[in-house]
Amino acid sequence: MRLIQVRTFLDIEEGKKIDADAIVLKDLVDEELAQIKYGILSHCWGHPKEEVQYKEMDALIRMGGTARKKLRERSGYQKIHRSCEQAWKDGLAWLWVDTCCINKESSAELSEALNSMFRWYEDSERCYVYLHDLHAKALPTTSNEKKFPGSSGWPRWFSRGWTLQELVAPTVVHFFNQDWYFIGDKKNHAQTISSITRIPSRILRHGLDAHRHSAAQIMSWAADRKTTRTEDRAYSLMGLFGVHMPMLYGEGKDAFRRLQLEIIRMTNDHSIFAWDRKDNGWSGSVLADDPSFFRDCHDIV
């Protein structure tokens with residue numbers, strides 16, 4: 001797992017003198033991770049040109065003044081900066097951000113990261129959720145299509161595929177609005193978040209292991225979520241089921257079929273066959289094409 005050294009990043013941002021051997025990103029193995037505490041960011045990606053990539057973060061110390069100034073102007077850089085400031089306030093010296101801590105040019109590293117992501121969020125000391133489209137100083141309690149078009153009337157973060165596991169996995173989740181104003185945590189706002197996501201409040205308060213839940217019910221939580229790539233509809237659910245699969249971008253909906261086959265292989269949970277054939281049509285397969293087929297399975301336990 002590759003992490004940002006928070007103090008080094010903040011020293012660069014504050015214009016302080018940096019040691020010649022200092023690095024912003026450091027790779028840590030499991031034994032080292034067990035000895036530290038780290039924060040982790042959960043957010044919606046902006047335009048790719050706005051996000052800070054691994055190579056740019058790795059070169060930050062060596063970057064010239066003009067290039068660094070341009071980098072600072074990006075919204076993605078500001079997310080990292082504010083996350084580091086918050087982590088340091090919380091006594092955390094390490095931070096993980098998906099945009100810059102994964103070298104996505106390496107297919108092997110990307111596959112390892114996607115298969116490990118649930119555990120990384122689960123093991124984090126604190127997860128910072130940045131709601132970039134929320135102006136208010138509180139989580140909304142009713143949907144509003146005018147304020148949040150295209151995401152069922154809620155902040156966009158609640159509609160994305162990958163953020164499902166990022167909500168469920170960590171024990172401590174803190175929410176911030178677009179100005180990085182703290183608006184509450186997952187446990188204290190479990191009922192509100194449950195009404196938005198249909199995830200039972202007991203799961204939000206106590207985690208997946210605290211109560212029995214069916215495969216169909218978990219699938220229902222993802223029914224209306226969106227991902228940029230079709231395959232990520234499946235890959236983003238792997239950690240919730242404890243499944244590991246190789247990434248095969250280009251396989252389309254076959255990724256979701258592979259996920260279901262892995263669940264069947266690993267469990268005796270027949271609810272995986274409880275999806276709605278009447279409304280979604282039936283092609284002759286016992287496997288669903290998409291998580292949306294499980295939309296009405298939220299009460300199957």
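Predicted model: local features only at pLDDT ≥ 70, side-chain atom pairs only at ≥ 80, totals over all residues.
Residues are numbered from 1 along each chain as its sequence is written, and side-chain values use heavy atoms, without hydrogens and water. Local features need pLDDT of at least 70 and side-chain atom pairs count only at pLDDT 80 or more, whereas totals for chains, interfaces and linings use all residues.

The model contains an open sheet of 7 strands in the order β2-β1-β4-β3-β5-β6-β7, with mixed pairing. Strands (E, at least two residues) and helices (H or I, at least four) are DSSP runs, numbered from the N terminus; two strands pair if DSSP finds at least two bridges between them. The edge strands, β2 (25-27) and β7 (182-185), each pair on one side only. Strand β5 (residues 126-130) runs parallel to β6 (residues 173-176), and 4 bridges join them. In this pairing, Y128 stands opposite H174 in β6.

The structure holds 20 salt bridges, each defined as a side-chain nitrogen of Lys or Arg within 4 Å of a carboxyl oxygen of Asp or Glu. One of them joins E56 and R74, with the closest N and O atoms 2.5 Å apart. This pair links distant parts of the chain, as E56 is in helix α3 (residues 54-58) and R74 is in the loop between α4 (65-72) and α5 (75-89), 18 residues apart. E56 is partly exposed, with a relative accessible area of 22%, whereas R74 counts as buried at 19%. Here buried means under 20% relative accessible area, exposed over 50%, and partly exposed in between (1.4 Å probe, protein chains only).
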